[in-house]
Amino acid sequence: MSSSKLIVIFGSTGNQGGSVVNSFLDDPVWRVRAITRNSSSPKAQALATRGAEVVQADIDSPATLSAALEGAHAIFAVSDFWGLYGDPANRSKAKPGQPLNVWAGEHETQQLKNVIDAAAKVPTLERFILSSLSNPTKWSKGKYTHVYHFDSKANAEQYGRDKYPELFAKTSVFQAGLFLSNFVLNGITKLVKNADGVVQFIGALDVDNKLPFIAAEEDSGPIVKALVQEPAGKNLIAYREWLTLRELAEIFTKATGRKAEAVTVPKGQFGPGVPDELKQELEDNFAYFNEFGYEGRDDPTVIHPRELESPPSLDTVYDYFKKQNWSKVFNE
């Protein structure tokens, strides 16, 4: 591709978008337009200093999107369910009697629809990369219907496929696997030590079920770049390694020297910090992973990174665990 190529990246100061920005800023063939809601934030200004064109736009405001996408040859679109759910400013936005996570799912779908609508009108566009996830309601045949943070993205993706076939002829889907950072930062899945000092990977997951693990802040960029450069039509489950929790615990011990184990808790047992409206979502979420796979394993369109024409070279889970400050995580 010529040096005139422009990629527009949403979520440019977040995990996925930030990694995509990094990968393309390092390539002189591409110009990077980083989309942010606040162009004066320190993260946005840092991107500008590194050579990105920082543009202020908001996926909640469709009127801001056409100018932000003007001249784009590639677009990376990403949304943030958990950001919507966790923002105190959104707590009053649900309808009477509507759980906040249900509202967040509906709102995230609309945000992605806004981006899809705008992308479909860009005449220069050659490749659209949509960050999505599998559809638990569909692939479980209606058994698990409360995994709103998955269905919300999948519903927007289906909207785009149905309404804009020409756009989706230029589209590949990026499904980020389970974030390794959840073991470091997430209050629900953060690693803990038991009374004997053993580090525990604890949750309602089958410890021998294979799952995709990704360091989204590092791996998203190289994988998305590969998708941009390859023919469209990919539905990629993105990860650095495909592991069970038992294997994950073994790798953790090798990387850190700390004894670790994988523990499955009884169905419906959650820590005291889990809000009531999330309990059904998480229960369905983990049950879906156990029974139907993170990626919806019955979906015949899903491919793995090794099936790309030019798979990116990524670090290992061992590398990720090795470099974390676990003393800080465990408050030692």
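Which residues does F183 touch, not counting residues up to four places away in sequence? The list comprises T189, K190, L191, F201, F213, L245, L248, F321, W326 and V329. Contact here means heavy atoms within 4.5 Å. The structure is a predicted model, in which local features need pLDDT of at least 70, side-chain atom pairs count only at pLDDT 80 or more, and totals for chains, interfaces and linings use all residues. Residues are numbered from 1 along each chain as its sequence is written, and side-chain values use heavy atoms, with hydrogens and water left out.

F183 also belongs to the largest nonpolar core, which has 50 residues. Such a core is a set of buried Ala, Val, Leu, Ile, Met, Phe, Trp, Tyr and Cys residues joined through side-chain atoms within 4.5 Å. Buried means under 20% relative accessible area, exposed means over 50%, and partly exposed lies in between (1.4 Å probe, protein chains only). F183, F201, F213, L248, F252, F289 and F321 touch the most other members of this core. Helix α12 (residues 276-292) supplies the largest share of the core, with 7 residues. Helices (H or I, at least four residues) and strands (E, at least two) are DSSP runs, numbered from the N terminus. A second, separate core holds 28 residues, including I7, F76, F179 and A238. In soluble globular proteins, nonpolar side chains tend to be buried together.

Aromatic contacts were examined next. The structure holds 24 aromatic pairs. Rings of Phe, Tyr and Trp (its six-membered ring) pair if their centres lie within 6.5 Å; planes under 30 degrees apart count as stacked, over 60 as edge-to-face and the rest as tilted. The Y239 and W242 rings have centres 5.0 Å apart and planes at 55 degrees, so this pair is tilted. Y239 is buried, at 9% relative accessible area. W242 is partly exposed, at 24%. The F321 and W326 rings have centres 6.0 Å apart and planes at 65 degrees, so their pair is edge-to-face. F321 is buried at 0% relative accessibility, and W326 is buried at 4%. Ring pairs join F183, F201, F213, F252, Y320, F321, W326 and F330 into a cluster.

Lysines also sit over rings. The criterion places NZ of Lys or CZ of Arg within 6 Å of the ring centre and within 35 degrees of the ring normal. K113 lies over the face of Y159, 4.9 Å from the ring centre. K225 lies over the face of F24, at 5.7 Å from the ring centre.

Y159 is among the buried residues of helix α7, as are H149, F150, D151, S152, K153, A154, A156, E157 and G160. N285, in helix α12, is in contact with V147, H149 and F150, leaving aside its neighbours within four places in sequence. N285 is buried, at 4% relative accessibility.

Strand pairing was then traced. Two strands pair if DSSP finds at least two bridges between them. Strand β1 (residues 5-9) and β2 pair in the parallel sense over 5 bridges. V8 stands opposite R33 in β2. Strand β2 (residues 30-36) is mostly covered, with 6 of its 7 residues buried.

β7 pairs with strand β10 (residues 211-214) in the parallel sense over 2 bridges. The bridge partner of F179 is I214 in β10.

Another open sheet of 3 strands has the order β8-β9-β13, also with mixed pairing. Its edges are β8 (192-193) and β13 (260-264), each with a single partner strand, so one side of each is left without a neighbour in the sheet. Strand β9 (residues 199-203) pairs with β13 in the parallel sense over 5 bridges. I202 stands opposite V263 in β13.

L100 lies in helix α5 (residues 100-119). L100 is buried, at 13% relative accessibility. Not counting residues up to four places away in sequence, L100 touches Y85, N90, R91, A94 and E277.
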